[in-house]
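Trainee: Hi! I'm new to this one, could you walk me through it?
Mentor: Happy to, let's have a look together.

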Amino acid sequence: MKQTYTRTLTACYTGYVVQAVINNFTPLLFLTFHNAYQISMGSITLLITINFLIQLLIDAFSAGLINRIGYRTSLVLAHAGAALGLVCLTVLPEVFPTPYAGLLLSVVICAVGGGLLEVMLSPVVEALPTGNKEKTMSMLHSFYCWGHVATVLISTLFFAVFGLEHWKLMALLWALVPLCNLFAFLRAPLCTLEGDGEKGFSFRELIRRPAFWVILLLMACAGASEQAVSQWASTFAEQGLGVSKTIGDLAGPMLFAVCMGTSRLLYGLYGHLLDLRRAMTASGILCVIAYCMISLSPVPALSFAGCGICGFSVGIMWPGAFSIGAAVLKGGGTLMFALFALAGDLGCSGGPTLVGFLSEHAGNNLKAGIQWAVIFPLLLAVGVLLVQKIQDARAKEHI
C-alpha cells in the first residue's frame with residue numbers, strides 16, 4: 001500500500017469506532033434517562049428504533065447526495081453529525097420543553113452521522129489503490145467490534161471511578177473522537193469507485209443483474225446471522241453464568257464482540273492464505289453449529305460458549321459479502337454499496353425480530369427462536385455457491 005493512503009485507511013478504521021460509539025454509548029444510559037427524566041421504558045426503547053430507522057433511510061437515499069457533494073464533504077458531514085449528536089445529548093434534554101424531545105433529536109442527529117458513515121467507509125476503502133481488498137475490508141469492519149468493546153469498557157470504568165451522574169462529561173469526551181477524525185478526513189487523500197468520466201451502475205442496471213440479488217441475500221443473511229444472537233447475548237450470559245443482569249449486559253455482548261472482532265482481525269492479517277468464498281461457506285457452517293450449541297445444549301454454560309463461537313463465525317460474513325459484491329459487480333459505484341448496507345441493516349433488524357417472535361410463539365423459549373434462525377447462515381452458504389455458479393456461467397459465455 002502506498003504510504004500516502006495510510007492516513008486515509010487509519011481515518012476509515014477510526015470511522016467505524018465512531019459508529020460503534022454512536023450505536024452503543026447511549027444504550028448504556030437508558031436506565032439513567034429513565035430515572036433522571038422520568039421517561040418510560042417504552043419511550044426509551046423507541047430511541048433504538050428511531051436510531052436504526054434513520055440509518056436505514058440514510059442507506060436507502062444517500063447515494064444520490066453523496067455523488068453530488070462528493071466523498072470528502074459527505075465524510076465531514078457524517079463526523080460532524082456524530083459529534084454534534086453526542087454534544088446535544090448533554091444539552092438538549094435540559095433546554096427543550098420535554099427532556100425526551102431533546103434526547104430524540106440528539107439520537108436523530110447521531111443516526112444521520114452513523115448512517116452516512118456506514119454507506120461511505122466501505123466504498124472509500126474499496127476505492128483505495130491497495131492489494132488484498134478482502135483482507136483490508138475485514139480489518140476495517142473489525143474496528144466496529146473493537147469500538148464496541150472500548151465504548152462499553154471505557155464508559156463503565158469512567159462511571160465506576162467518577163460516578164454515573166457525570167455521564168455528560170463522558171458523552172463530551174466521546175464526541176472528541178468524531179471531531180478529531182473529521183479533521184483527519186479534511187486532509188486525507190481520497191479515491192472514488194467511479195473513474196474519471198465514469199459512473200457507477202444505475203438502479204435499473206443493478207436490478208437486471210442476478211448476482212446483485214444474490215449479494216443482497218448475502219448481506220441480509222450476514223446481518224441477520226450476526227444480530228439474531230448478538231441482541232440476546234446478555235440473556236445467555238445471565239442464564240449460562242448465573243450472574244446479575246448488569247454483569248450479563250457486559251459479559252454477553254462483549255464476548256460476542258471480542259470473538260467477532262478477532263475473526264475479522266485474523267482474516268485481515270492472514271486472509272491472503274484463504275479463499276474468501278470457502279471461508280464464507282465455512283463460516284456459515286460454523287454458525288449453524290454455534291446455533292445448535294446455543295439452542296440444543298442442556299448445559300447453560302455450553303450455550304453461552306456457543307454465543308462466542310457464533311461471534312467468531314459471523315465475523316467475516318458482512319465484510320466478506322461486501323468484498324464478493326465489489327469483485328463480482330465491478331464498477332457498481334456508491335449506489336451499489338448503499339443498497340448492500342440497506343440489505344445488511346434489514347437483516348440486522350429482521351434477525352432478532354424473528355428470533356423474538358418465534359420465541360414468544362414457543363412459550364417465551366429463547367432457545368427455540370435461535371434454533372429456527374439457522375436458516376440465515378444456511379442461506380448465506382447457499383448464496384455463496386450461487387454467486388460462484390453465476391460467475392462460472394458468465395465465464396462460459398465469454399469463451
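Predicted model: local features only at pLDDT ≥ 70, side-chain atom pairs only at ≥ 80, totals over all residues.

Trainee: Got it. Is Thr-136 buried or exposed?
Mentor: Thr-136 counts as buried, because its relative accessibility is 14%. Buried means under 20% relative accessible area, exposed means over 50%, and partly exposed is in between, using a 1.4 Å probe and protein chains only.

Trainee: And where does Thr-136 lie?
Mentor: Thr-136 lies in helix H6. Helices are DSSP runs of H or I with at least four residues, strands are runs of E with at least two, and both are numbered from the N terminus.

Trainee: How far apart are Thr-136 and Ala-224?
Mentor: They are 88 residues apart in sequence and 23 Å apart in space, C-alpha to C-alpha.

Trainee: New topic: what about Ser-74, buried or exposed?
Mentor: Ser-74 is buried, with a relative accessible area of 1%, and it lies in helix H4 (residues 71-95). Not counting residues up to four places away in sequence, Ser-74 touches Ile-66, Ile-69, Leu-116 and Met-120.

Trainee: Which residues does Ile-69 touch, on that count?
Mentor: Ile-69 touches Ser-74 and Leu-77, again not counting residues up to four places away in sequence. Ile-69 is in helix H3 and counts as partly exposed, at 32% relative accessibility.

Trainee: Now the rings. How many aromatic pairs does the structure hold?
Mentor: There are 11 aromatic pairs. In one of them, the rings of Phe-158 and Phe-162 have their centres 4.9 Å apart and their planes at 40 degrees, so the pair is tilted. Rings of Phe, Tyr and Trp (its six-membered ring) pair if their centres lie within 6.5 Å; planes under 30 degrees apart count as stacked, over 60 as edge-to-face and the rest as tilted.

Trainee: Where are Phe-158 and Phe-162?
Mentor: Both are in helix H6 (residues 133-162), and because they are four residues apart there, about one helical turn separates them. Phe-158 is buried, with a relative accessible area of 9%.

Trainee: What kind of pair do Phe-322 and Phe-340 form?
Mentor: Phe-322 and Phe-340 form an edge-to-face pair, 6.1 Å centre to centre with 70 degrees between the planes. This pair links distant parts of the chain, with Phe-322 in helix H14 (residues 317-328) and Phe-340 in helix H15 (residues 333-361), 18 residues apart. Both Phe-322 and Phe-340 are buried. Ring pairs also link Phe-212, Trp-213, Trp-318, Phe-322, Phe-337 and Phe-340 into a cluster.

Trainee: How many residues are in the largest nonpolar core?
Mentor: The largest nonpolar core has 112 residues, and those with the most contacts inside it are Phe-25, Phe-33, Tyr-291, Cys-310 and Phe-340. Such a core is a set of buried Ala, Val, Leu, Ile, Met, Phe, Trp, Tyr and Cys residues joined through side-chain atoms within 4.5 Å. Helix H5 (residues 99-127) gives the largest share of this core, 13 residues.

Trainee: Last one: where is the place of Gln-38?
Mentor: Gln-38 is in the loop between helix H2 (30-37) and helix H3 (41-69). Gln-38 is exposed, with a relative accessible area of 63%, and has a positive phi of about 55 degrees although it is not a glycine.

Methods
Residues numbered from 1 in each chain as written. Heavy atoms only, no water. Contact = heavy atoms within 4.5 Å.
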